[in-house]
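This report goes through one protein chain, from a single contact to the overall fold. Look at the sequence and the model before reading on.

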Amino acid sequence: MSAAVEIVSFGYLHDEPPAAHLTIDLRHHFRDPHVSPELRYMTANDEPVRTAVLNTPGITDLVEATATAVAAFASGPSAGTVTVADGCAGGRHRAPTFARALAERLTAAGHSVTIHHRDLDKPVFQR
């Protein structure tokens with residue numbers, strides 16, 4: 001069953017998580033590319049960041065598990081958009097990369113997907 005899906009990537013350091021049916025917190029279990037000086041000022045728009053995130057153990061399994069959860073929401077009796085929010089610390093590396101991978105997976109499954117990167121273009125958080 002296909003459904004309309006909205007994916008919002010965000011950074012917890014910028015603001016509260018957006019309202020969503022599913023919120024995926026990528027902060028504690030997946031290494032932050034921010035710790036690598038060569039990746040820090042890049043974003044998910046840069047191939048080295050996407051490669052680093054997508055090669056992290058567990059990420060592709062989490063994309064699959066999230067797609068399964070979205071399908072479960074979509075199969076419920078109430079029609080409507082399923083919203084997924086996924087966040088990392090700054091919203092520039094892990095969250096938008098995960099959001100794009102999830103969007104690809106859901107689109108391939110026949111879902112209509114919109115994606116919004118709330119914090120991708122915000123300045124690097126100095127920690």
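## A charge over a ring

In this predicted model, the charged end of R27 lies over the ring of Y12, 3.5 Å from the ring centre. A charge sits over a ring if NZ of Lys or CZ of Arg is within 6 Å of the ring centre and within 35 degrees of the ring normal.

Residues are numbered from 1 along each chain as its sequence is written. Local features need pLDDT of at least 70, side-chain atom pairs count only at pLDDT 80 or more, and totals for chains, interfaces and linings use all residues, while side-chain values use heavy atoms, without hydrogens and water.

## Fold of the chain

The chain has four helices and four strands (DSSP runs numbered from the N terminus: helices are H or I, at least four residues; strands are E, at least two). Their order along the sequence is β-β-α-α-α-β-α-β.

The C-alpha trace spans about 45 × 30 × 20 Å along its principal axes.

## Helix 2 and helix 4

Helix 2 (residues 47–54) packs against helix 4 (residues 94–108). In this contact (heavy atoms within 4.5 Å), V49, R50, V53 and L54 of helix 2 meet R94, T97 and A101 of helix 4.

Terms used:
Axes fitted to C-alpha atoms, helices over the stretch in contact; angles between N-to-C directions.
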